[in-house]
Amino acid sequence: MNKVLVNVYIPILNRAYDVFIPLQSQIFEVTELIKHAVTELSEGQFMASRDTVLARKATGEILDVNSTVFEMEIGNGTKLMLI
């Protein structure tokens, strides 16, 4: 499975984390993976809700949960944010 390394910024924590995500996974799956990873990495300081979404950091565009990482043209070094 091919993976890409993305940088995920968490505005509420004012912190960013580098995370590997699979290219063929849908955004809703990746969002769940990242939510769990950030909760663990932040030692519980970040608590995601059902409304938490992934967005492009530069534009604020919320990613389509039904598209894959590949379809959303997310590659190595892409900056995302979890809001």
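This is a predicted model: local features need pLDDT of at least 70, side-chain atom pairs count only at pLDDT 80 or more; totals for chains, interfaces and linings use all residues.

Trainee: Which ring does the charged end of Lys-57 sit over?
Mentor: The ring of Tyr-9, with the charged end 4.4 Å from the ring centre. The rule there asks for NZ of Lys or CZ of Arg within 6 Å of the ring centre and within 35 degrees of the ring normal.

Trainee: OK, and how many aromatic pairs?
Mentor: The count comes to zero. A pair would need ring centres of Phe, Tyr or Trp (its six-membered ring) within 6.5 Å, with planes under 30 degrees apart called stacked, over 60 edge-to-face, and the rest tilted.

Trainee: Back to Tyr-9, then. What stands opposite it in strand 4?
Mentor: Met-81 does. Strand 1 and strand 4 run parallel and are joined by three bridges. Strands here are DSSP runs of E, at least two residues, and helices are runs of H or I, at least four, numbered from the N terminus. Two strands pair if DSSP finds at least two bridges between them.

Trainee: What's the strand order in the sheet?
Mentor: The order is 2-1-4-3, in an open sheet of four strands with mixed pairing. Strand 2 (15-22) and strand 3 (54-56) each have a single partner strand, so one side of each is left without a neighbour in the sheet. Neighbouring strands are turned by 40° against each other on average, direction ignored.

Trainee: And how do strand 3 and strand 4 pair?
Mentor: In the antiparallel sense, over three bridges, with strand 4 covering residues 79-82. Arg-56 has Leu-80 as its bridge partner, and Leu-54 stands opposite Leu-82.

Trainee: Where does helix 1 pack?
Mentor: On the sheet: helix 1 (residues 27-41) touches strand 1 (3-10), strand 2, strand 3 and strand 4. Its direction makes about 140° with that of strand 2. Axes are lines fitted to C-alpha atoms, for helices over the stretch in contact, and angles run from 0 to 180 degrees between N-to-C directions.

Trainee: Give me a helix residue. Is Thr-31 buried or exposed?
Mentor: Thr-31, in helix 1, is buried, with a relative accessible area of 6%. Buried means under 20%, exposed over 50%, and partly exposed in between, using a 1.4 Å probe and protein chains only. Leaving aside neighbours within four places in sequence, Thr-31 is in contact (heavy atoms within 4.5 Å) with Thr-52, Val-53, Leu-54 and Leu-82.

Trainee: What about the nonpolar core? Which residues touch the most other members?
Mentor: Ile-21, Ile-34 and Ile-74, out of 21 residues in the largest core. Strand 1, strand 2, helix 1 and strand 4 are the elements giving two or more residues to this core. A core is a set of buried Ala, Val, Leu, Ile, Met, Phe, Trp, Tyr and Cys residues joined through side-chain atoms within 4.5 Å.

Trainee: What does Ile-74 touch?
Mentor: Not counting residues up to four places away in sequence, its contacts include Val-4, Val-6, Ile-21, Leu-63 and Leu-80. Arg-56 is among them too.

Trainee: Switching to backbone angles: which residues have a positive phi without being glycine?
Mentor: Asn-14 is one, with phi near 55°, and Glu-43 is another, at about 55°. Asn-14 lies in the loop between strand 1 and strand 2 and counts as exposed at 58% relative accessibility. Glu-43 is in the loop between helix 1 and strand 3 and is exposed too, with a relative accessible area of 75%.

Trainee: Last one: how far apart are Leu-5 and Lys-79?
Mentor: They are 74 residues apart in sequence and 9.6 Å apart in space, C-alpha to C-alpha. Leu-5 lies in strand 1 and counts as partly exposed at 30%.

Conventions: Residues are numbered from 1 along each chain as its sequence is written. Side-chain values use heavy atoms; hydrogens and water are left out.
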